[in-house]
Structures are given as structure tokens and as C-alpha cells.
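Please read the numbered points with the model open alongside.

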Amino acid sequence: GIFFGSDFRYGRIAATCREGNIFVFENDNLVFTSQDTEGARFAHLAALQHPEPRRILMIGGGWDGSVRELLLHKPVRIDVILPEGDPYIRFRLPQEVRKSLANPAVHLSRSDPRKFLKYKGFAWDLIIVDMYAHLSCRTNRFYTREFFSSLTTRLYPGGIAVLHLPGAKNLQTTQEVIRAASIYRALALNLPEQIILPGTTTLIASSFAPLPPS
């Protein structure tokens, strides 16, 4: 049944637990389930785009085991901006996920990502945007030209920003195609070098510096 439900600035978040599995809904849209392994897969693919990601920033994610997988790449620091509702949901996550978030190399924050990028003084080798661009105005804010510009100010020379979008389906609506194209253009205006890896979700890695062939 439902173990958490609350209204936040941009909508309502509810979490349920059934047979040990966690399901999180934002405005009635399913945004997370502990059964899904896509987050771990995406984290590995993102980390592999950089030859030595010593400092990593993850915007969103964290509940899905992605931090646990990023730790396997032996970074010296991982900053994680956790989703809203984290204090009430994290304690129900699998033990190995909670353990990874408590690792000394992991630094957690529940700040607004835009403010976090504006006021933090150091830069990262790898910035991972693990949000859901297609669900709400709250998450759409993190796929704009202005937000991508703020990422560029926090990348080390040679640093890479990585995001993912819903992958190809048998049939995509015109709206979905236009949305993906607009995000791609906004990213390219700030980080012109790109690699696109299609799949069940499409990974886009971007940088100022040339990237190796995919």
C-alpha cells in the first residue's frame, strides 16, 4: 500500500510498496520502481564515456542503484542531487542501495539543481542528468538551453555531460520527435561535440572536447 504521499512545489509525489518492491509516482506518472535496472545500466554507460571520471555529479537518480554502479569506477567524489521526497522514501529502498548512498565518497544534496550549479565552486569530470524530460514542467526545466549552459560552467576541461531520453518505439508521435530534436539542439548550442547511443533509452554524451567514436 501507499507509505508516503505529499504535495511539493511542482506536484504530488506518492510511494507504494508491494511484495518488497517500491513504486514512486509523480502526478500519477510512474517515475521509479526498484525492479528497474535501467538506472544501473545508464550509470555504467555514462561513466564509460570519460577515461577517468574522478569527480561525478548526478542530477536525479540515486534510488535506482546508479550510485552503487558509479562507485565501481573508483571516483574520488560523487555528488548526488536526490529527488524530492527522498527523506521519506530512501529508508524503504534495498539495503545495498542505501549502503551506496552512505559511502564516504558520496555527498548528498536535496538542493534545486539550478541553484546548486550556480553556487558550488568546483567542477566535475562527468555530469549525469538522470531526470524524466517528458513527464512534467518540473523536469522539463532541466533540458533547456539555459540549464545546459549552467552545466558547461561546472565541467573540467575535457569534462562530459551525459543525459538520456526515451528510446525508439514502433511508433513515435510528432510531439515526441519535436521534443527530442529541441533538446538535442539546446544541448548542441552549449556542448557541440556529441555521441549518441540509441537503445531502449537514448544516451547523449556531450563535451567541448572531441569525443571518441561510439
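1. His73 touches His44, Ala47 and Leu48, leaving out residues up to four places away in sequence; contact here means heavy atoms within 4.5 Å. His73 lies in the loop between H2 and S6, where helices (H or I, at least four residues) and strands (E, at least two) are DSSP runs numbered from the N terminus. Between the C-alpha atoms of His73 and Ala47 there are 7.3 Å in space, although the two are 26 residues apart in sequence. At 24% relative accessibility, His73 counts as partly exposed; buried means under 20% relative accessible area, exposed over 50%, and partly exposed in between (1.4 Å probe, protein chains only).

2. The model is predicted, so local features need pLDDT of at least 70 and side-chain atom pairs count only at pLDDT 80 or more, while totals for chains, interfaces and linings use all residues. Residues are numbered from 1 along each chain as its sequence is written, and side-chain values use heavy atoms, with hydrogens and water left out.

3. The loop that holds His73 also contains Lys74, and it runs between helix H2 (66-71) and strand S6 (77-81). Is Lys74 buried or exposed? With a relative accessibility of 71%, Lys74 counts as exposed. Its phi is near 55°, a positive value in a residue other than glycine. Most residues other than glycine have a negative phi.

4. His44, one of the contacts of His73, lies in helix H1. His44 is partly exposed, its relative accessible area being 26%. Beyond residues up to four places away in sequence, His44 touches Glu69, Leu72 and His73. His44 and Ser66 are 22 residues apart in sequence, with their C-alpha atoms 8.0 Å apart in space.

5. How much of H1 is covered? H1 is mostly covered, with 7 of its 10 residues buried. These are Glu38, Gly39, Ala40, Phe42, Ala43, Ala46 and Ala47. The buried residues of H1 pack against H2, S8, S9 and strand S11 (201-207).

6. The largest nonpolar core has 34 residues; such a core is a set of buried Ala, Val, Leu, Ile, Met, Phe, Trp, Tyr and Cys residues joined through side-chain atoms within 4.5 Å. Val24, Val67, Leu70, Ile78, Ile128 and Val162 have the most contacts inside it. Helix H1 (residues 38-47) gives the most to this core, with 4 residues. Apart from this core lies another, of 23 residues, among them Ile59, Val129, Phe147 and Leu191. In soluble globular proteins, nonpolar side chains tend to be buried together.

7. Two residues may be examined individually. Val162, leaving aside neighbours within four places in sequence, is in contact with Phe42, Ala46, Leu126, Ile127, Ile128, Val129, Leu203, Ile204 and Ala205. Val80, found in strand S6, counts as buried at 1% relative accessibility. Not counting residues up to four places away in sequence, Val80 touches Met58, Gly60, Gly62, Val67, Val106, His107, Leu108 and Ser109.

8. Helix H7 (residues 145-152) and helix H8 (residues 174-190) pack at an angle of about 35°, their axes lying 9 Å apart. Axes are lines fitted to C-alpha atoms, for helices over the stretch in contact, and angles run from 0 to 180 degrees between N-to-C directions. Arg145, Phe148, Ser149 and Thr152 of H7 make the contact with Ile183, Ala186, Leu187, Leu189 and Asn190 of H8.

9. Within H7, the buried residues are Phe147, Phe148, Ser150, Leu151 and Thr152. They pack against strand S5 (55-60), helix H5 (113-119), strand S8 (124-130), strand S9 (155-166) and H8.

10. For the chain as a whole, the secondary structure comes to 8 helices and 11 strands. Of its 214 residues, 49% count as buried. Residues 24 or more positions apart account for 59% of the contacts with a separation of 6 or more.
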